[in-house]
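Look at the model first, then read on.

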Protein chains: 2
Amino acid sequence: MSTTISPLAPKKYPKMPVIEGVRIATAEAGIKYKNRTDLLAMVFDAGTAVAGVFTKSKCPSAPVDFCRQNLAAGKARVLVVNSGNANAFTGKKGRESTALTGEAAAKAAGCTAGEVFLASTGVIGEPLDTTKFSHLLAGLVSDGKPDLWTEAAKAIMTTDTYPKVATQTVKLGDTDVTINGISKGAGMIAPDMATMLSFIATDAPIAAPVLQDLLSRGTAKTFNAVTVDSDTSTSDTLLIFATGKAAKRGAPEITDPKDARLGQFRRALGKVLKSLALQVVRDGEGARKQVEVTVTGAKSARSAKRIALSIANSPLVKTAVAGEDANWGRVVMAVGKAGEPADRDRLSIWFGDIRLAHEGERDPGYSEEATSTYMKRDDIRIRADIGIGRGKATVWTCDLTKEYVAINGDYRS
Amino acid sequence: MSTTISPLAPKKYPKMPVIEGVRIATAEAGIKYKNRTDLLAMVFDAGTAVAGVFTKSKCPSAPVDFCRQNLAAGKARVLVVNSGNANAFTGKKGRESTALTGEAAAKAAGCTAGEVFLASTGVIGEPLDTTKFSHLLAGLVSDGKPDLWTEAAKAIMTTDTYPKVATQTVKLGDTDVTINGISKGAGMIAPDMATMLSFIATDAPIAAPVLQDLLSRGTAKTFNAVTVDSDTSTSDTLLIFATGKAAKRGAPEITDPKDARLGQFRRALGKVLKSLALQVVRDGEGARKQVEVTVTGAKSARSAKRIALSIANSPLVKTAVAGEDANWGRVVMAVGKAGEPADRDRLSIWFGDIRLAHEGERDPGYSEEATSTYMKRDDIRIRADIGIGRGKATVWTCDLTKEYVAINGDYRS
């Protein structure tokens with residue numbers, strides 16, 4: 001946890017409601033950090049369904065392997081998360097650690113190891129010493145309380161400067177259901193630290209395959225559309241748990257992803273995912289500005305997203321935003337280097353509502369003054385219209401500042 | 001031109017020999033810079049063959065379009081290069097500028113516009129006012145001198161901190177032939193400025209199609225294996241000119257790319273290209289260290305190069321090098337995110353000769369002290385062995401420092 005809170009931190013936090021069937025506990029295990037919580041247990045009542053998405057890294061962490069294996073059965077009773085050590089690139093020792101933690105957590109929660117889910121975030125390559133926290137699990141499981149969502153968000157922080165929470169309550173059928181979520185960190189943005197982690201829970205009675213469908217589709221335009229530095233963690237983990245407790249109050253049990261009654265829930269889940277994803281971007285290391293990049297008129301939506309990510313990941317675009325410089329030439333460059341179909345002479349570029357370039361040339365009405373004023377905002381929108389099709393995509397990033405280099409270039413030891 | 005010379009600048013420069021059939025002149029046209037040369041003309045005797053490679057950007061500059069068109073005929077009589085304005089993303093005006101300059105240069109050199117080659121580097125999106133320099137071309141062409149190679153390298157600089165030259169003399173048949181080259185800038189590394197430009201000339205009598213073959217193959221492991229910030233310019237241009245004058249002294253005329261007599265020439269050209277490419281990296285903005293990334297044991301050479309570029313372009317790897325931090329966890333991350341076949345549990349990583357990770361775990365013999373000492377060098381070698389095949393590739397980059405962000409985040413106006 002940094003001592004300086006990001007200037008883009010939320011001005012206020014929502015009061016997090018209780019999700020029936022979820023109990024939470026945190027502890028100071030001293031895995032790496034001192035004087036702060038670094039261990040989270042989230043306990044779920046029997047009957048809880050689970051779905052997840054993970055890093056696409058070819059070098060995933062041991063907990064990612066562990067979760068992927070357990071996900072097939074779609075049942076969860078306990079989630080254990082530690083910060084300070086990622087248990088990534090730890091070979092056989094890493095697998096032993098997850099096996100030991102899985103057994104200890106299963107014993108504590110009275111379930112099978114197949115109903116345990118694990119996540120770790122922190123240093124890569126250091127073996128994770130489970131004896132530092134496995135003895136704490138029984139106490140955490142028995143002491144869990146339903147109203148500790150913000151505490152949960154704090155326990156999983158690494159170099160985050162603020163805890164990230166979001167909540168939505170909507171109708172499923174005629175019954176109110178709630179979705180709570182927490183997240184931490186923006187990919188591989190931190191010195192030695194890794195990972196975006198996010199955990200969502202709902203009391204809606206939704207079967208695991210439906211949850212998986214909702215989550216996979218929901219991440220495409222949220223968590224998979226944000227980038228801080230283009231560096232993909234070994235440990236990215238996003239899990240959603242559905243306790244089904246709202247069924248008692250009349251919520252319909254959903255077993256078909258095409259069920260029309262899912263509309264509100266799907267949109268609400270999308271809002272939670274987007275809120276958490278943007279909070280991650282806004283806490284990107286050294287970030288001073290949020291940048292939204294929209295590409296329109298591309299050959300396809302897929303092509304639009306690739307071009308948008310080329311712009312959002314360009315160090316030159318990101319440093320220009322940091323310097324409050326409306327340097328649209330760098331956007332041209334980033335469109336050109338994306339390798340996607342584009343026609344220079346049909347390209348138009350906007351910063352906010354100001355069109356800077358049109359049909360392959362500087363806009364005749366370009367005003368340096370108006371643009372410079374716009375660039376002083378802390379929320380910058382860049383749009384590029386490729387002019388050759390109907391493909392559209394939006395992604396989010398932050399600026400690249402000297403602080404990013406300072407934080408990541410500091411000596412590790 | 002920066003006032004502070006890169007600490008990685010060459011300790012000494014070679015004396016550049018004359019290439020028979022090439023005359024050089026430079027001028028202060030005042031296109032953007034004051035009190036320095038910003039215009040270069042290189043004049044070639046009749047019979048000079050030409051080949052070239054260009055940016056893969058989908059938004060190429062007007063001069064790139066112009067050169068591509070003229071390259072088909074394979075003949076060159078004059079090259080005109082300006083710095084200060086890239087004539088990129090200038091639409092119809094850009095095409096008019098290149099047409100006007102082409103005509104003026106052709107008139108001055110007594111050739112056709114199809115034998116003129118152009119390159120521009122500098123601001124993107126500003127129309128290039130050819131009246132600032134077209135009247136100077138006749139004088140430049142008539143006043144050209146053979147021994148101004150270093151002056152030529154200076155005239156094309158933008159934010160480069162030193163001129164970049166290289167030379168080799170080798171046997172073609174039994175006759176000495178010489179290869180001279182100059183280059184500037186590392187891709188899109190500069191505020192508003194763009195472009196890597198490089199121009200090579202030789203007196204060897206080599207036909208244009210053979211030159212093209214030599215150049216295309218030669219760039220794969222040199223200019224196409226260096227990266228400063230992953231940002232591809234709209235204007236990258238590399239041209240090679242062969243005057244053929246060495247034929248008078250007995251050098252054989254080469255018309256077949258498989259001609260066995262090309263061996264020495266091919267290697268010498270490779271050395272010139274590599275020297276110029278590394279000089280570009282070592283002058284990357286804010287660079288304090290050169291980084292060589294070698295990937296071995298990948299599924300194929302192509303896969304190895306992609307993984308190597310994933311490592312070399314990772315902001316986290318580059319900031320770690322800047323901070324003299326042997327953070328091999330970030331190399332694991334970069335291997336994992338490359339999307340290429342990899343097996344975490346077979347991966348090994350070296351910094352210099354020190355093995356830090358082996359078969360998916362931290363090396364048991366890892367010494368923090370030895371590694372920290374190594375990281376203080378200004379020439380860092382990173383190697384990753386993927387352990388699944390025989391594919392191999394090496395790429396070069398520089399570290400990512402606060403100075404890079406400062407230079408690129410400064411206000412444009």
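**Domains and copies**

Domain 1 of chain A and domain 2 of chain A bury about 1200 Å² between them, with 56% of it on carbon and sulfur atoms. This is a predicted model, in which local features need pLDDT of at least 70, side-chain atom pairs count only at pLDDT 80 or more, and totals for chains, interfaces and linings use all residues. Residues are numbered from 1 along each chain as its sequence is written, chains are lettered from A and ligands numbered from 1 in the order written, and side-chain values use heavy atoms, without hydrogens and water.

Q: What makes the 1200 Å² a buried area?
A: Buried area is the accessible area (1.4 Å probe) that two parts lose on being put together, summed over both. For domain 1 and domain 2 of chain A that comes to about 1200 Å². Ala225(A), Thr227(A) and Val281(A) supply 37% of the area that domain 1 buries against domain 2, more than any other three residues.

Q: How many salt bridges does the rule find across the interface of domain 1 and domain 2 of chain A?
A: A salt bridge needs a side-chain nitrogen of Lys or Arg within 4 Å of a carboxyl oxygen of Asp or Glu. Across this interface the rule finds zero.

Q: Why is the relation of chain B to chain A that of a two-fold axis?
A: A rotation of 180° with 0.0 Å of shift along its axis superposes chain B on chain A (RMSD 0.0 Å), by least squares on the C-alpha atoms of residues with pLDDT of at least 70 in both. That is therefore a two-fold relation. Of the residues of chain B, Lys402(B) comes closest to the rotation axis, at 2.5 Å (C-alpha).
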